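The entries are in the order in which I made them.

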Amino acid sequence: MTSITLMMIKPDAVENGYIGKIIEKVTSSGFKIRALKLTQLSKQDAERFYHVHKERSFYPELVNFMSRSPIVAAVLEKKNAVNDFRNLIGSTNPLEADEGTIRKLYATSIGENAVHGSDSDKNAEIEASFHFSGREQF
Ligand code: GDP
């Protein structure tokens with residue numbers, strides 16, 4: 001049985017021209033794209049998306065970063081999608097990410113770390129609905 005996860009290619013990676021390379025790595029790792037778009041989060045959108053972190057010291061920095069320029073949002077499907085995608089992207093801090101992971105290859109810092117991946121099946125559903133209407137998901 002397959003499940004979904006929500007990917008965002010974050011502003012740093014879009015600015016650095018890595019959209020194509022990241023999508024190639026994702027699809028060649030067995031993920032199917034069920035929804036995809038280039039979009040930009042408003043500050044309010046970023047606050048809402050990351051509200052679980054609102055007490056953290058880095059929250060204002062995170063909100064400014066995530067809303068500063070366009071992102072790519074995608075719904076990805078695969079068996080064990082959430083965990084397999086988190087393994088593919090690597091640790092939050094690119095300095096600690098394994099060789100060959102997306103963050104090791106394309107992230108610049110713990111804050112500007114190239115990609116987002118959902119942390120549970122429940123959050124994947126919530127995050128997919130945050131970015132896409134039902135008729136945008138295939
Ligand atoms: P993730 O699940 O690996 O994305 O990590 P978290 O859920 O812990 O954090 C969400 C996002 O907040 C990360 O992907 C980073 O963009 C950002 N973040 C986490 N820790 C820090 C930090 O110490 N400093 C800054 N500036 N950003 C952070």
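**Entry 1: cores**

I noted at the start that this is a predicted model. I looked up the largest nonpolar core and found that it has 20 residues. Those touching the most other members are Leu 6, Met 8, Leu 41, Tyr 50, Met 66, Val 75 and Phe 132. I then listed the elements that give two or more residues to this core: strands S1 (3-9) and S3 (71-78), and helices H3 (43-49), H4 (59-66) and H7 (121-131). H4 gives the most, with five residues.

Setting aside neighbours within four places in sequence, I found Leu 41 in contact with Met 8, Ala 46, Met 66, Ser 67, Ile 71, Phe 130 and His 131. I also recorded a second, separate core of 19 residues, and Val 26, Leu 76, Phe 85 and Val 115 are among them.

**Entry 2: helix H7**

Which residues of H7 are buried? I found Ala 124, Glu 127, Ala 128 and His 131. Viewed down the axis of H7, these buried residues fall within an arc of 105°, so they line one face of the helix. I recalled that an α-helix has 3.6 residues a turn, so residues three or four places apart point the same way. On the face turned away from the buried side, I noted the exposed residues Lys 122 and Ser 129. The cover over the buried residues of H7 includes S1, strand S2 (32-39), H3, S3, helix H5 (81-89) and strand S4 (115-117).

**Entry 3: ligand**

I listed the residues around the ligand: Lys 10, His 53, Phe 58, Glu 61, Leu 62, Arg 86, Thr 92, Arg 103, Ile 110, Gly 111 and Asn 113. A side-chain N or O atom of Glu 61 is 3.1 Å from a nitrogen atom of the ligand. A side-chain N or O atom of Arg 103 is 3.0 Å from an oxygen atom of the ligand. For Gly 111, a backbone N or O atom lies 2.9 Å from a ligand oxygen atom. On its own the ligand has 550 Å² of accessible area, and the protein covers 79% of this.

**Entry 4: Ser 118**

Ser 118 sits in the loop between S4 and H7. Is Ser 118 buried or exposed? I read a relative accessible area of 0%, so Ser 118 is buried. A polar atom of the Ser 118 side chain lies 3.0 Å from the backbone nitrogen of Leu 6. Beyond neighbours within four places in sequence, the contacts of Ser 118 are Thr 5, Leu 6, Val 82, Arg 86, Asn 123, Ala 124 and Glu 127.

**Entry 5: Lys 78**

I placed Lys 78 in strand S3. The side chains of Lys 78 and Asp 84 are joined by a polar contact of 2.6 Å. Not counting residues up to four places away in sequence, Lys 78 touches Thr 2, Ser 3, Ser 29, Gly 30, Phe 31 and Asp 84.

**Entry 6: Glu 112**

Glu 112 is in the loop between helix H6 (102-106) and S4. I found Glu 112 partly exposed, at a relative accessible area of 24%. Glu 112 and Asp 12 are 100 residues apart in sequence, yet 6.1 Å apart in space, C-alpha to C-alpha. Leaving aside neighbours within four places in sequence, I listed Asp 12, Phe 65, Arg 68 and Ala 107 as contacts of Glu 112. With Arg 68, Glu 112 makes a side-chain to side-chain polar contact of 2.9 Å.

Notes
Residues are numbered from 1 along each chain as its sequence is written. This is a predicted model: local features need pLDDT of at least 70, side-chain atom pairs count only at pLDDT 80 or more; totals for chains, interfaces and linings use all residues. Side-chain values use heavy atoms; hydrogens and water are left out. A nonpolar core is a set of buried Ala, Val, Leu, Ile, Met, Phe, Trp, Tyr and Cys residues joined through side-chain atoms within 4.5 Å. Buried means under 20% relative accessible area, exposed over 50%, partly exposed in between (1.4 Å probe, protein chains only). Helices (H or I, at least four residues) and strands (E, at least two) are DSSP runs, numbered from the N terminus. Contact means heavy atoms within 4.5 Å. The arc is that of the directions from the helix axis to the C-beta atoms. A residue is near a molecule or strand if one of its heavy atoms lies within 4 Å of it. A polar contact is a pair of N or O atoms within 3.5 Å; within protein, one must be able to donate a hydrogen and the other to accept it, and residues adjacent in sequence count only if both atoms are side-chain atoms. Accessible areas come from the Shrake-Rupley method with a 1.4 Å probe; for residues, only the protein chains shown count as cover.
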